[in-house]
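Morning, everyone. Please look at the screen, and I will walk you through a few parts of this one.

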Amino acid sequence: MRLAPLAAALLLTSLSATAAEPLRLAEAMADPDWIGPPVEDAWWRWDGKAAQYILKRKGTRIGDTWQVGIDGGAPAMLEGSARADLDAASALLDTSGSRSAFVRNGDVFVRDLRSGALTQLTRSNEAESRLLWSGDGALAWRGADAWYRWDGRATVQAAQAKAEDAPGTPPKPDDLRDRQLRLIETLKNDRALREAAREQGEAWRKADPTRAAAPVYLGAGVDIVDSALSPDGRWLLVATTEKGAATGTAGKMPMYVTESGYEEFEDVRTRVGRADPLPQKLWLAEVATGKVSELKFDALPGIASDPLAALRKAAGKEALKGNRAVQVATSGDNGDAPALLWSNDSRNAAVMVRAIDNKDRWIATVDLAAAKLQPRHRLTDPAWINWGFNDFGWLADGSTLWYLSEESGYSHLYTLNGGSRAQLTDGKWEASSVVPARDGSSFWFLCNRSRPGDYEVCNVPARGGTVREVTALDGVESFRLSPDGARLLVRNSSAYMPPQAYVVDAAGGQAKQLTDTRTPEFKAREWLQPQIVQVPSKHGAGTIWGKYYGPATMEPGRKYPVVMFVHGAGYLQNVSARYPNYFREQMFHNLLVQQGYIVLDLDYRASEGYGRDWRTAIYRWMGKPELEDYLDGLDWLVENKQGDRDRAGIYGGSYGGFMAFVALFKQPGVFKAGAALRPVSDWSQYNHEYTSNILNTPELDPEAYKRSSPLEYAEGLQDSLLIAHGMIDDNVFYKDSVMLAQKLIELRKDKWELASYPLERHGFTHPDAWYDEYRRIHELFERTLK
């Protein structure tokens, strides 16, 4: 264990600066080590007396584990043998609250919370996951291709699903084989002996309680996608796809600057519409007998209706026959949580199912006796169902199902128990990151009740009641309950504070900050705090929230050149109290204000944090409402902040780069300059999972792609344009910028340039490339807006 040094890592001498000196571009685009590492994750030590967390080591890609006492003391890095006693962020309490289980380095551990004793249950090269405590105190988890169970004494392989025909399955009719067995007596006898030995072996297995359960055979015609064992080890749910089903043609991305010195090629994703996601089937298997039953989706309401029938007809496509294709969807805020969930008592299982056309999401429970799905909730949307805000699970009673839904227009928390349904939260705000109390008495979650960008930890009783804001920090990123449920370990951030660890009583009160990983050089800077503003929409959207950067005192009568920033990802929130994803851009905005500009960054329609209708406003026409919002933002700057309408520029990356194209091509003359970084120029080149939500597929909805893809209207360009793109971008392919460049060449456009970065992917990682890109942006604005 090594104590933290008193001083944080120093900024490189060439970049050193005092608070009084103007910010330099090289400083803003330097390796973020000079800022200080964010607390990447934080969790409780087993006794609740200390927090453990991850910090990036300076100058490396290594994440070290640190520890700090809740009641004070210097943070210390855990090294050597101390790492063998680490807890983990994934710790899961048993039903009694006396033990926790977690996965560390791919292995399963159990901690006795009364004594601190640590028991290691596995030590293998497999990556164990999906821990689940049973009501009787046993622990189940998944290994590579099997499920295991520990009852406090021994670890056993509890179940294994195989995509094979069961031994002894009669082969398909084959005349040649039948002739051989009829004509060659030895072959026939050998087969009989082999089968007799197999049958005896199976009989011995069934009669011997020391043997592992026989595998569950799903047949040779499937590929296994996911599975979930009931905590008591009796039942196994399995999701499958058809074996060998077509997944579309993958792309080939060339890489020119390589260690080998030769050109190399990397396989990359398929394009939207080139192959739909594979339909899935769901099976229920009784582990002891190996009996497998298909859980049909027929009972899901609306599964046989086609929400795209009109588009299908207009495109001359064949009408839908039978049920729509579905997948057993992942859930959770980031779409990465399991979709097959058992209650701790193994009496109930719930499954989340999603239509491949993106218009419906169902939650169903499983009638184990009848092997049937029972629909519990349907969420449907004529645009698309969100991948986030789909968390669900079981309370401790084993019969109450809880879930998030955007059915009211905002993500809120609901419970179901039999036929009784309750909505626990309501209003024009979003609930997310739900954590039920261990005893099922209440729910903890993130909320943004005060304003869309102000995130706190909230609590609500499970039986309904008043929603209580537990924290008053404004920028909560995540939280974890202490083992005894008495305190919260919170990751919180602010405009110039990367995520740090705080502790607060579960009853509320003043939060105590445990870490501050910023360097002295970064803290010494006098940063320009962004002003949170509300821009009135002239296009019926209500309020557009934004961050405004400008001088503290405006010069009377002066008009200021305008720079407008467009965040990426489309569905992302940048106007919040949290540390921004675009921290470099925020520093760049400081530099621009120093040099006489004013800057506005908007959460345009499609952004996260504002409810379902704000998100789906771009359905079938990406670029239209967002541009309207930026035009309204420009009007607001002119009317309220002395902005010069004749000297406005715009820039952004990824979706923001796409929007820079839209602004310059659709509204020539309004923006005198634009920088499109890693931009989408043609949505038919992007991935299926994201794009088909918003634009359907090119074959089914060609009009949506035509009016949404900048390549289609590039002839509108008349102002100065910078395109910058990493050549090994495996998200938005460099090909997008190459195609746009060719289009501009054919249109004989001038005042544009393409900057290429051979060793950068979608998110640049090298300071030299960051500096070069923003040097070009800065020079563009200086040349055209000054």
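Let's start with a pair of strands. Three bridges join strand 27 to strand 28 (residues 401-405), and the two run antiparallel. Strands and helices here are DSSP runs, numbered from the N terminus: a strand is E with at least two residues, a helix is H or I with at least four. Two strands pair if DSSP finds at least two bridges between them. Find Phe392: opposite this residue, in strand 28, stands Tyr403.

A word on the source. This is a predicted model, where local features need pLDDT of at least 70 and side-chain atom pairs count only at pLDDT 80 or more, while totals for chains, interfaces and linings use all residues. Residues are numbered from 1 along each chain as its sequence is written, and side-chain values use heavy atoms, with hydrogens and water left out.

Four strands form it, open, in the order 27-28-29-30, with antiparallel pairing. Which strands stand at the edges? Strand 27 (392-394) and strand 30 (420-423) do; each has a single partner strand, so one side of each has no neighbour in the sheet. On average, neighbouring strands of this sheet are turned by 20° against each other, direction ignored. Axes are lines fitted to C-alpha atoms, for helices over the stretch in contact, and angles run from 0 to 180 degrees between N-to-C directions.

Strand 16 and strand 17 (residues 235-242) pair antiparallel over seven bridges. Ala228 stands opposite Leu237 in strand 17.

Now the disulfide, meaning a pair of cysteine sulfur atoms within 2.5 Å. How many does a search of the whole structure find? One. Cys447 is joined to Cys458, S to S 2.1 Å. The link is right-handed, with 50° about the S-S bond. Cys447 lies in strand 32 (residues 442-447) and Cys458 in strand 33 (residues 456-461), so the pair ties together parts eleven residues apart in sequence. Buried or exposed, Cys447? Buried, at a relative accessible area of 0%. Cys458 is buried too, with 0%. Buried means under 20% relative accessible area, exposed over 50%, partly exposed in between (1.4 Å probe, protein chains only).

Last stop: helix 9. Eleven of its twelve residues are buried, among them Tyr655, Phe658 and Phe665.
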